[in-house]
Amino acid sequence: MNKYVLRFFRILISVILLQTLRFKFTAHTDSVYIFSKVGLEPFGRIFIGILELVAAILILVPKTIWLGALLAFGIISGAVLMHLTILGIQINNDGGLLFFMALIVLILSGIIIWNERRNIPFFKKIISLLKS
C-alpha cells in the first residue's frame with residue numbers, strides 16, 4: 001500500500017484519538033454518561049484516555065507504528081463492542097458519530113497492523129519459523 005496513504009491513516013487515527021481526550025479528561029457529561037453506563041466511571045474513563053494518548057503517539061513514531069496500531073485496535077474493539085451491546089450506535093442524539101469514528105479507527109488500525117505485520121516481534125518469529 002502507498003506509504004503516503006498509510007501515513008494519512010496513521011495521522012487520522014491519531015487525530016481521532018487525541019480529539020476525544022478532552023472529553024474524557026475534562027469529565028464531559030457525554031463521556032461520564034458513556035463510562036457510567038458501561039460501569040467504568042471514573043477510573044476506566046481516565047485509564048482508557050491515557051491508553052488512547054499513548055496509542056496516538058506510538059502510531060506516529062516510525063519504530064512503534066505496529067504497537068500504536070495494536071493498542072488502538074484493542075481499545076477501539078472494546079468501544080465498538082460496547083456500542084453494539086450496551087450503548088447503542090447513537091448516544092445522546094449524536095447521530096452515531098462516536099460509533100462511526102470508532103469504526104474508522106478500528107478499520108484503519110487493522111489495515112496498519114496488516115501492513116506492519118513484518119515489524120511485530122511476535123509475528124517476525126512466526127514468519128521465520130514458517131520459512132525454515
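**Entry 1: helix 4 and helix 5**

I began with the crossing of helix 4 and helix 5, which is left-handed. The model I am reading is a predicted one. I looked up the axes of the two helices: they come within 8 Å and cross at roughly 145°. I then listed who makes the contact. On the side of helix 4 I noted ten names, I65, A69, L70, A72, F73, I76, S77, V80, H83 and L84. On the side of helix 5 I wrote down L98, F99, A102, L103, V105, L106, S109, G110, I112 and I113. Sorted by class, the residues of this contact are 16 nonpolar and 4 polar, with no charged ones.

**Entry 2: the largest pocket**

Next I looked up the largest pocket, which holds about 670 Å³ of space. I found 29 residues in its lining, and T20, K24, I34, H83 and L98 lie nearest the centre. H83 and L98 were already in my notes, from the contact of helix 4 with helix 5. Which helix gives the largest share of the lining? Helix 4 does, with 7 residues. At least two residues each come from helix 1 (3-25), helix 2 (29-37), helix 3, helix 4 (65-87) and helix 5 (97-115). By class I recorded 18 nonpolar, 7 polar and 4 charged residues in the lining.

**Entry 3: I57**

Last I looked up I57, which sits in helix 3, residues 43-58.

Technical notes. Residues are numbered from 1 along each chain as its sequence is written. This is a predicted model: local features need pLDDT of at least 70, side-chain atom pairs count only at pLDDT 80 or more; totals for chains, interfaces and linings use all residues. Side-chain values use heavy atoms; hydrogens and water are left out. Helices (H or I, at least four residues) and strands (E, at least two) are DSSP runs, numbered from the N terminus. On a 1 Å grid over the protein atoms alone, a cavity is a set of points where a 1.4 Å probe fits but cannot get out, and a pocket is an open set with protein on both sides within 12 Å along at least five of seven lines; lining residues have an atom within 4 Å of a point. Grid points are joined across faces, edges and corners, and a volume is the space filled by probe spheres set on the points. Ala, Val, Leu, Ile, Met, Phe, Trp, Tyr, Cys and Pro count as nonpolar, Asp, Glu, Lys and Arg as charged, and the others, Gly among them, as polar. Axes are lines fitted to C-alpha atoms, for helices over the stretch in contact, and angles run from 0 to 180 degrees between N-to-C directions. A crossing is left-handed if the near helix is turned anticlockwise from the far one by less than a right angle, and right-handed if clockwise. Contact means heavy atoms within 4.5 Å.
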